[in-house]
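Colleague: I would like to go through the chain interface and one of the sheets, and hear what each label rests on. Please show the entry first.

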Amino acid sequence: MKRILLMGNPNVGKSAVFSRLTGLHAISSNYPGTTVEFVQGRMRIGDEEALLIDVPGAYGLEATCKAEEVALEMLVGADAVIDVADATNLERSLHLTLHLIEQDVPLVVALNIWDDAKHRGISIDVPRLEKELRVPVVPTVAVTGEGISELVARLPEAANPDTPPRSEDERWLEAGRVLNKVQTLEHRHHTLLEVLGDASVRPATGLPIAAGVLFLAFVVIRMIGENLIGFVLEPLFNTLWLPVLERMSAAMDPEGFLHTILLGSLVNGQIDFVQSFGVLSTGLFVVFGMVLPYVFAFYAILGFLEDFGYLPRLAVLLDTLMHRLGLHGWAVIPMLLGFGCNVPGIMATRVLENPRERLIAATLVSVAVPCASLQAMMWGVLGPHGARYVALVYAALFVAWVIIGRLLNHVLKGESPELILEIPPYRMPSVRTIAQKLWLRMRGFLKEAMPFVLLGVLAVNMLDYVGAFDAIAAVAAPLFDRVLGLPSEAGLAIVVGILRKDVAVGMLGALQLTPKQLVVSVTVLAMTFPCIATFVVLIKELGVPSMLKSVGIMLLSSLLMGAALNVIL
Amino acid sequence: MSKQVPLTEIPEGSSACVVEIAGGTGVHDRLRALGIRAGVQVTKVSDSFASGPIVVRHGQTQTALGRGICRKIVVEATK
C-alpha cells in the first residue's frame, strides 16, 4: 500500500485536511503543535487505498525541535507528500515547500486557508505558482471541505522536479522571489478581529481582557453544567432509571450482598442517587448525572477558545508569572486542559521542551489543578454551605500551585527556556470542527473515567462489606484527628481517593461534617492522590523515578496544606 | 545612519530591520525557521512589563519571543 505524508508548517490545518481525506477525526486547534505524535488513516485515491500519515507540523526539515525530527524520519520511503501550505502566510509555507521539492519525493501542494486569505486582501496567482514550483497546487478550505476532491483527483500528478539542494539562505531568497511573482496584497484597514487580536496580547488591555474571558468562561461553564443537570439529566434519571432500580430493589433483600453492591443502601427506604452508593445507582449517577455535564460544558468552551486562537495570547500574558514557577507561558495549555481532566493535561506537557519543565508542569497539574469531576463534587458537597467555602478550596489550591512551582523551580537544576511562540490570527471557529472535537473528547472521557468510577464504587462497597475500612480508619484516626481535625471516617474517603477522587468527595458528603472540616478534607483530597488513570499517565509520561518524586511532593504538600487550613480557619 | 540596537530597545509600534541574531546556532535556527532572520522587517506589536515576552509582526505572522532572545536580536530602526 502507498504511504502518503501530510506535511506543513504548524497550525496550517493539516489535521483538518487529514480528517477530510480519511474521514477519521484528529483533534485540531488554532495554535501550533496540536499534533505531537503522528496519526495515520486510510484514504481512497480512485480505486486504490493508501495510508495517509499526519506528520507533526514543522517549519523546516532541519530538526530544530522534537516534532521536526519526527517529520524528517518519516520522509524516508514515502510515496508522495501532500504539502499543506497556508495561503495567509505563503512565504514561510513556500520555504518548507522548496525544501521538500529538493528531497526525492513527489509532491502536491494544498493551498489551505484560502477563504481567509481572500478576506484579508491576499490574492495568489495559482497557475503562476504551479509554473514556478513545477508541482500541482490546489486551493483548499479544509474546514468546509472546499477543494478537497480536486486535491485527491490531482494526487497522481504529484511531481518531483529536479532541483539542486539549496542553502537555508538561498531557500528564503527563492521563497521571496516566488512570493513576489504570485502574491498581490490589497491594502485595507485592520479588521475588527485584528484590532482585538492586538489588544488582547498587550498587557495593559490584555490582562483585563484575560480576566474577563476566564471569568466569563467559568460562569458559562457553571451555567451550562447546572442547567444540564437540573433540567435534563436529573429528570431523566428520576423518570427513566429510578423505576428500573426500584423494581430491582423490590426483588432483592435490601440487606443482602447483591443489593448493597449494585443498588447500595436505602436512604429513608428509598434509593438515593447521591447517597445510596451502589454501582448502578450512585456509580452511574456520578458519571452521567454529575460529572459529564461539566465535562461537556468545559470542553465546549475550551474548544471555542482554542479554535478562536485565544490560548497563545493567554500564554504570552502569563509568561512572566509562569517563569517564576520554572515554566514558560505555553505551559498554560496543560494547566487549562487539566481543569477538564488531568489525564490529557499531563499528556499535553509534551508541548514543553525539557524533562525539568515536564516534571514541574505534570506535578502542578496533578496536585493543584482540580479536574471537572473533582470540581463538580466540590460544588456538590460544599456548594450548599455557601459559595465562599468553595472559593476557599480554589484559593488553597492556587496558593499550593504557586508555592510548589516556586519551590520546584528553586530546587531543580536548570533554567526554564524562553518562549518562542507563533501567535495565530483570530479566526471564527466552525461549529462543525468544535462539535467534532467535543465529541472526541467526551468519548475519551467516558472511556477513561467510567470504568474507574464503577470499579471504584464496586471496590469501596466490597471493602466496606468485609469491614476493611474500620481497620484502616482505626490506624489512621490519630493522624486525621490531630493534624487535620477530621473524624476518622473522613480518612476512609481519602484512602478511597486513590481510586477516584470524585467518589471520595461524594463519600464525604454523607458524613455530616462541619463546613470547616469539609473545606479541609476536600482540599486534602483534591491535592492528594490523583485518580488511578492520572497515576498511570504520570508513570507513562514521566517514568517511575520522576513519578515517585511527584507523588512525594503531592503527599507532603497536601498534608501541610490540610494542617495549615485546620489551624487558620 | 541609524543606530543598531537590540529588539528590546525600540518602542512599541515601531518597525525595524533585523541586522543580526547574536545568539548561538540553536536560537538562530529556531528563529530562522519562523522566518526571523537578517534582512527581515519586523514591527513590535506589544511590549510587556519588565521581563515579559515581546510580540513582533513579520510578514503575515506574529511571533511571541522571550525577552532574553529579543536582547540577542540586533535591529536597525527604519523611518
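Modeller: This is a predicted model. In it, 29 residues of chain A are in contact with 29 residues of chain B.

Colleague: How much area is buried between chain A and chain B, and what share of it comes from carbon and sulfur atoms?

Modeller: About 2,600 Å² is buried between the two chains, with carbon and sulfur atoms giving 55%. Trp172(A), Glu418(A) and Ile420(A) supply 24% of the area that chain A buries against chain B, more than any other three residues.

Colleague: Why is the pair Asp198(A) and Arg57(B) called a salt bridge?

Modeller: The N to O distance between the two side chains is 3.2 Å. The cut-off is 4 Å between a side-chain nitrogen of Lys or Arg and a carboxyl oxygen of Asp or Glu. The pair Asp198(A) and Arg57(B) is therefore a salt bridge. The count between chain A and chain B is 4 salt bridges.

Colleague: What makes strand 9 of chain A and strand 5 of chain B a pair?

Modeller: Between strand 9 of chain A and strand 5 (residues 61-65) of chain B there are 4 bridges, in the antiparallel sense. At least two bridges are required, so the two strands pair. Ile420(A) stands opposite Leu65(B) there.

Colleague: Why are strand 2 and strand 7 of chain A called edge strands?

Modeller: Because strand 2 (39-45) and strand 7 (137-139) of chain A each pair on one side only. They belong to an open sheet of 6 strands in chain A, in the order 2-3-1-4-5-7, with mixed pairing. The twist averages 25 degrees from one strand to the next.

Colleague: How do you know that strand 1 and strand 3 of chain A pair?

Modeller: Strand 1 (residues 2-8) and strand 3 (residues 48-54) of chain A share 5 bridges in the parallel sense. The requirement is at least two, so they pair. Arg3(A) stands opposite Leu51(A) in strand 3 of chain A.

Colleague: Which strands does helix 3 of chain A lie across?

Modeller: Helix 3 of chain A lies across strand 1, strand 4 (80-86) and strand 5 (107-112) of chain A, at about 165 degrees to strand 4.

Note on methods:
Residues are numbered from 1 along each chain as its sequence is written. Chains are lettered from A and ligands numbered from 1 in the order in which they are written. This is a predicted model: local features need pLDDT of at least 70, side-chain atom pairs count only at pLDDT 80 or more; totals for chains, interfaces and linings use all residues. Side-chain values use heavy atoms; hydrogens and water are left out. Contact means heavy atoms within 4.5 Å. Buried area is the accessible area (1.4 Å probe) that two parts lose on being put together, summed over both. Axes are lines fitted to C-alpha atoms, for helices over the stretch in contact, and angles run from 0 to 180 degrees between N-to-C directions.
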